[in-house]
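User: I am new to protein models and would like to learn how to read one. Could you take me through it step by step?

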Amino acid sequence: MSIIAWILIGLFAGLIAKALTPGKDPGGCLLTMVIGVVGGLLGGWLGKVIFGVDSIDGFFSLSTWIAAIVGSVIVLLVYRLVTGQRSR
């Protein structure tokens, strides 16, 4: 997969993760994209380690999107736990 495809998947996976997890989030579009890309990588790695499947089959593969979204939700929840303790 090219880097542009990872950025697109990351952007959409991050947006879907924000929609699936209720709550207030600090951060804009760039942070959403970073969370999505990191989550996509995490989801692909977890899918390979836990289930023994290659979840990074292609841009239009359902397993790629599911892995990216699940990973993005995990990263978003961890991000909220870490940043939720700070006072502004």
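User: What does Gly44 count as, buried or exposed?

Analyst: Gly44 has a relative accessibility of 8%, so this residue counts as buried. The general idea is a pair of cut-offs: buried means under 20% relative accessible area, exposed means over 50%, and partly exposed lies in between, using a 1.4 Å probe and protein chains only. Gly44 sits in helix α2, which covers residues 29–51. Its C-alpha atom is 8.9 Å from that of Ser63, a residue 19 places away along the chain.

User: Before we go on, what kind of model is this?

Analyst: This is a predicted model, where local features need pLDDT of at least 70, side-chain atom pairs count only at pLDDT 80 or more, and totals for chains, interfaces and linings use all residues. Residues are numbered from 1 along each chain as its sequence is written, and side-chain values use heavy atoms, with hydrogens and water left out.

User: How should I read the pLDDT of the chain?

Analyst: pLDDT is the predictor's confidence in each residue, from 0 to 100. Where it is low, the predicted coordinates should not be read in detail. Here the chain has a mean of 75, and 72% of its residues reach 70 or more. Confidence is lowest in α2, with a mean of 77, and highest in helix α3 (residues 62–83), at 83.

User: How many helices and strands are there?

Analyst: Helices (H or I, at least four residues) and strands (E, at least two) are DSSP runs, numbered from the N terminus. This chain has three helices and zero strands, giving the pattern α-α-α along the sequence.

User: Which residues does Ser72 touch?

Analyst: A contact means heavy atoms within 4.5 Å. Leaving out residues up to four places away in sequence, Ser72 touches Ala13, Gly14, Ala17, Ile35, Gly36, Gly39 and Gly40. Ser72 belongs to helix α3 and counts as buried because its relative accessibility is 0%. Its side chain also reaches the backbone oxygen of Gly36 at 3.4 Å.

User: Ala17 is on that list. Where is Ala17 placed, and what does it touch?

Analyst: Ala17 is in helix α1. Ala17 is buried, since its relative accessible area is 0%. From Ala17 to Thr32, 15 residues apart in sequence, the C-alpha distance is 9.0 Å.

User: What about Leu8, also in helix α1?

Analyst: Helix α1 spans residues 3–20 and includes Leu8. Leu8 has 36% relative accessibility, so it counts as partly exposed. Leu8 and Gly36 are 28 residues apart in sequence, with 9.1 Å between their C-alpha atoms.

User: Which residues form the nonpolar patch on the surface?

Analyst: Patches are made of residues with over 30% relative accessible area and no salt bridge; like charges are joined within 9 Å, and nonpolar side chains (Val, Leu, Ile, Met, Phe, Trp, Tyr) within 5 Å. A salt bridge is a side-chain nitrogen of Lys or Arg within 4 Å of a carboxyl oxygen of Asp or Glu. In this chain, Leu62, Ile66, Val70, Ile74, Val78, Leu81 and Val82 form the patch, with about 660 Å² of accessible area together. One of them, Ile74, is in helix α3 and is partly exposed because its relative accessible area is 34%.

User: And how much of the chain is buried?

Analyst: Buried residues make up 36% of the 88 residues.

Definitions and conventions: Polar contact = N/O pair within 3.5 Å; in protein donor to acceptor, adjacent residues only side chain to side chain. Areas by Shrake-Rupley, 256 points an atom, 1.4 Å probe, with all protein chains shown as cover.
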